[in-house]
Amino acid sequence: MADMMWAGRFSKQVDETVNAFNSSIAFDGRMYRHDIQGSIAHATMLGDCGIIPKEDSIEIIGGLKKILADIDSGALELDPAAEDIHMFVEAELTKRLGDVGKRLHTARSRNDQVAVDLRLYLRDEIKEISELTAKLANTLISAAKEHTETVMPGYTHLQRAQPITFGHHLMAYVWMLLRDLDRLRDTARRMNYSPLGCGALAGTTYATNRKQTAELLGFTAPMANSLDGVSDRDYCIELNCALSLLMTHLSRLSEEIILWCSWEFKFVELDDAFATGSSIMPQKKNPDVTELIRGKTGRVNGDLVTLLTMMKGLPLAYNKDMQEDKEAIFDAVDNVKLCLKTFIPMLATMRVIKENMRNAAARGFINATDCADYLVKKGMPFRDAYKITGTLVALCIEKGLTLETLPLDEYKKMTDIFGKDVYEAINLDTCVNGRLSEGGPSPAAVREQIALAEEALKEYFA
């Protein structure tokens with residue numbers, strides 16, 4: 001019991017199973033750098049405000065920096081028997097500095113200490129995830145540039161619908177990722193307020209300077225309410241929401257790649273370095289990376305449910321339930337980073353089989369809308385044009401033909417408006433190139449999208 005910082009109130013040892021159950025250093029140990037960063041700011045403020053002697057403040061700061069260097073180098077290992085990273089660092093400081101080390105926790109509680117550590121840690125993680133997301137978007141843009149004229153079928157209900165380009169398809173995901181980046185940026189902005197100095201829940205009687213510690217740690221300002229400061233985990237939930245949406249986008253693209261890799265589509269082929277084989281079927285080349293990403297999306301979503309459920313019934317202020325926040329948000333962060341780091345090189349090395357995309361676009365009557373538009377542009381009401389074109393499609397299916405191979409006399413049986421120029425109007429290249437509307441699949445429209453996206457990503461590649 002002597003090793004427990006809070007031992008004074010208790011008359012007997014805590015049961016060993018309770019100690020193990022209560023301990024969090026196995027997962028919060030990763031925040032050692034941020035814990036020390038927060039403690040250095042706190043010690044600086046304590047000395048500047050005269051709450052502790054200036055020389056003690058300087059000695060504490062030096063001791064903390066030495067502990068950080070020793071952990072970084074491996075000279076000091078985290079003690080798995082410690083209750084948490086906060087108690088480990090303070091105990092190590094006291095071991096090295098004696099009574100001076102004991103002054104560090106003046107005007108501070110573990111509640112505001114934990115809260116500031118987690119904000120600092122997640123702020124760094126958001127930066128790394130944002131950079132990886134931007135890199136993935138840039139990888140997709142590079143591929144889109146190569147395929148502004150690669151015709152493929154666009155789908156609705158997984159049925160061939162209208163002709164687009166592969167570049168257009170990829171850019172759809174770029175815009176999803178750009179929105180993900182916006183959400184991450186917004187989360188970082190809202191979480192960038194300092195809970196340090198909120199104490200256990202009611203602040204402190206010491207004349208602290210919370211603005212100073214907030215500034216030293218790069219926060220926008222101190223949190224305005226001490227109860228909110230120690231009991232808020234909105235930022236964990238909001239970050240997990242943003243990560244769940246990001247993973248949903250990765251999962252959707254993964255699902256398409258899985259389909260495209262199949263022999264039924266064969267639009268793309270993954271590099272051997274990003275596929276696996278079968279233990280019994282020698283011909284197999286499995287897109288395991290994309291399948292794992294699809295599966296891990298459920299895991300990240302589960303972390304979000306954990307956080308929401310954890311917080312939904314908690315009275316103010318801090319409750320021990322909130323220790324469960326870290327494993328959930330750490331798991332979400334770790335898995336998103338792992339997926340992004342794997343996805344980027346997989347996409348960069350993926351081979352696109354243009355001829356198969358083109359052949360698929362040539363089947364399925366995906367130029368039927370263009371056939372109807374041909375009649376509309378010559379004066380026919382759209383609904384009449386729609387019905388005539390549908391009748392022609394049914395005739396083609398009956399005769400084993402396509403709109404491109406259907407004889408002109410069959411067209412003219414429906415209406416004399418049809419002329420030889422119908423074949424040019426329903427040509428796949430004409431269909432794609434003619435879709436010049438903003439955001440459309442024409443090469444010109446896709447290049448405009450690429451320019452806009454690259455402008456939005458400039459800050460990540462400055």
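Me: Leaving aside neighbours within four places in sequence, which residues is L347 in contact with?
Reply: Keep in mind that this is a predicted model. L347 belongs to the largest nonpolar core and is among the members that touch the most others there. Skipping neighbours within four places in sequence, its contacts are L136, T139, L140, L253 and I257.

Me: Which helix gives the most residues to this core?
Reply: The core has 72 residues. With 13 residues, the top contributor is α11.

Me: How do α3 and α4 run, roughly parallel or roughly antiparallel to each other?
Reply: Helix α3 (residues 32–48) and helix α4 (residues 54–73) pack with their axes 8 Å apart, at an angle of about 170°. Angles over 145 degrees count as roughly antiparallel. So α3 and α4 are roughly antiparallel.

Me: Is D370 buried or exposed?
Reply: D370 forms a salt bridge with R435, with the closest N and O atoms 2.8 Å apart. D370 sits in helix α15 (residues 368–377) and R435 in the loop between α19 (428–433) and α20, so the pair ties together parts 65 residues apart in sequence. Buried means under 20% relative accessible area. D370 has 10% relative accessibility, so D370 counts as buried.

Me: And E255, which partner does E255 meet in a salt bridge?
Reply: E255 is in helix α11, and the partner lies 39 residues away, in helix α12. The N to O distance is 2.4 Å, and the partner is R294.

Note on methods. Residues numbered from 1 in each chain as written. Predicted model: local features only at pLDDT ≥ 70, side-chain atom pairs only at ≥ 80, totals over all residues. Heavy atoms only, no water. Core = buried A, V, L, I, M, F, W, Y, C linked by side-chain atoms within 4.5 Å. Buried < 20%, exposed > 50% of the residue type's maximum accessible area, 1.4 Å probe, protein only. Helix = DSSP H or I, 4+ residues; strand = E, 2+ residues; numbered from the N terminus. Contact = heavy atoms within 4.5 Å. Axes fitted to C-alpha atoms, helices over the stretch in contact; angles between N-to-C directions. Parallel < 35°, antiparallel > 145°, perpendicular 65-115°, else oblique. Salt bridge = Lys/Arg side-chain N within 4 Å of Asp/Glu carboxyl O.
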